[in-house]
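Q: I'd like to learn how to read the packing of helices and strands. Could you walk me through it with an example?

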Amino acid sequence: MDANTIRIILIVIGAVLISLLYWWERQRSKDKDADDDDEHWEDNDRREDGDERSDDVANPDAPYGVRASKTQPTSDKPDADDRAASSARVQSPKAESDQRSQSNQRSAPAKPAAPAKPAAPPKPAATKQVAKPPEPKPAEVKASASSAPAVVETKKPALEPLLIQVSVMSGRGHTFRGASVLDVAESCGLHPGKMDIFHCLDEFEDETRVYFSMANLVKPGTFPFDAMDEFTTPGLVLFAQLCGRPEDMTILDEMIATARKLAISLRGDVLDDMRCSLTVKKQDEMRKAVIANQLRWAKETQS
């Protein structure tokens, strides 16, 4: 047999098998439905038999074969309508009178409320006429301006620097020659400068500052630097103005040391500001004055 014949045979056999399976399933489903119907009818019969037995037990005095209907009420209790009617009859006369009075009050018409009186309109406030003050004349304005006290600004008084000085005096009947003063002053660091006097200079932070100066004892206190060979003087004055700087104490010590050098070289004496010999006690007083001046300047700068 060729391949086509074998293929046709297999197809026919498959179709037959499918038909047989379909028929077998149909028969199986029908048998199952029939079994379910039988069981349903048997359950209904059992329920009816049970209901008949319960009715017989509930009414043992009923004649055999007669059953009580399910719609007939078996309770001896009065229904709701009978209870309401009996309670309505038993109401007291007082309750009836209360009900009548309440019904009369409801039926009575309400009295209309009295109309409110309209509020009286506010009276307009009386406007007061404010009289304008008369404008002052120019003459009166000038008079008032002149009569007003002048406000004077009071400024704090400026602090004045502390002046300290010592002197170098020659002996009685003697004087200092100009050429000698010029040479000794230069050796002590004093140089001719402004106002035709000598100055002790110091460079402080790229700035040349005058520590102290030396003047002529004779007024006007200047030196003729162009004619020092012909110049003479009885004394020299060293002085400084201290403004509360930290180096003020150093300036005082340097000035006293320079005065002593001048006195030794020129054969003179060192005197204080009262033209008395400079003592150790006087030097201590001058140092205390310098310290007090520093505190005064520091307080002023803080305020």
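A: Let's start with a helix pair: α6 and α7 cross in a right-handed way. A crossing is right-handed if the near helix is turned clockwise from the far one by less than a right angle, and left-handed if anticlockwise. Helices (H or I, at least four residues) and strands (E, at least two) are DSSP runs, numbered from the N terminus. This is a predicted model, where local features need pLDDT of at least 70 and side-chain atom pairs count only at pLDDT 80 or more, while totals for chains, interfaces and linings use all residues. Residues are numbered from 1 along each chain as its sequence is written, and side-chain values use heavy atoms, leaving out hydrogens and water.

Q: At what angle do α6 and α7 pack?
A: Axes are lines fitted to C-alpha atoms, for helices over the stretch in contact, and angles run from 0 to 180 degrees between N-to-C directions. Here the angle is about 150°, and the axes of α6 and α7 are 9 Å apart. Angles over 145 degrees count as roughly antiparallel, so α6 and α7 are roughly antiparallel to each other.

Q: How do the strands of the sheet pair?
A: Strands of a sheet pair through backbone hydrogen bonds, either parallel or antiparallel. In this model, six strands form an open sheet in the order β3-β4-β5-β7-β1-β8, with antiparallel pairing; two strands pair if DSSP finds at least two bridges between them. At the edges, β3 (190-192) and β8 (268-271) each pair on one side only.

Q: Which residue of β4 is the bridge partner of Leu190?
A: That is Cys200. β3 and β4 (residues 198-203) pair over three bridges.

Definitions and conventions
Angles under 35 degrees count as roughly parallel, over 145 as roughly antiparallel, 65 to 115 as roughly perpendicular and the rest as oblique.
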